[in-house]
Amino acid sequence: MPRSDAQQVQALFCLARCARLMQDAWHEPRRFSRKGPIDLVSTMDLRLQEELAAGLGPIAPGAAMLGEEGADPRAQPPAGPCWIVDPVDGTTNFVHSLPM
């Protein structure tokens, strides 16, 4: 969705900040809850989704943000530009400290 080089750089900085947050927290205890019988959501998922919304939102004002955490699976996709994010791809591995 970024249209200019500056927007692409801004998006990459946002992703780098999120990666750093995850690296810095790697050795901390994991806090999580269940959103289904085998589906987990960690506090890191929620924190990164907030970071992504804050960092990517200004790049494309008015674009929707569809995040895995808290999304209604029955909802229709938004019309128009939309960021689709999965903050921690592999939450189960992350929660159990299994590197991917």
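Author: The largest pocket has a volume of about 230 Å³ (an open set of points on a 1 Å grid over the protein atoms alone, where a 1.4 Å probe fits, with protein on both sides within 12 Å along at least five of seven lines; the volume is the space filled by probe spheres set on the points). The model is predicted, so local features need pLDDT of at least 70 and side-chain atom pairs pLDDT 80 or more, whereas totals for chains, interfaces and linings use all residues. Residues are numbered from 1 along each chain, and side-chain values use heavy atoms, without hydrogens or water.

Fourteen residues line this pocket (an atom within 4 Å of a point), and L15, C18, A19, L52 and P87 lie nearest its centre. Helix α1 (5-24), helix α2 (43-56) and strand β4 (82-85) each supply at least two lining residues (DSSP runs: H or I of at least four residues, E of at least two). The greatest contribution, six residues, comes from α1. Twelve lining residues are nonpolar, one is polar and one is charged.

C18 is buried, at 7% relative accessible area (buried is under 20%, exposed over 50%, partly exposed in between, with a 1.4 Å probe). Its sulfur is 4.6 Å from that of C14, the closest cysteine sulfur, and therefore too far for a bond. C82 is also in no disulfide, the nearest cysteine sulfur, in C14, being 15 Å away. The structure thus holds zero disulfides (cysteine sulfur pairs within 2.5 Å).

Helix α1 also carries R20 and D24, four residues or about one helical turn apart. Their side chains meet in a salt bridge at 3.1 Å, N to O (a Lys or Arg side-chain nitrogen within 4 Å of an Asp or Glu carboxyl oxygen). D24 is partly exposed, at 48%.

Key:
Ala, Val, Leu, Ile, Met, Phe, Trp, Tyr, Cys and Pro count as nonpolar, Asp, Glu, Lys and Arg as charged, and the others, Gly among them, as polar.
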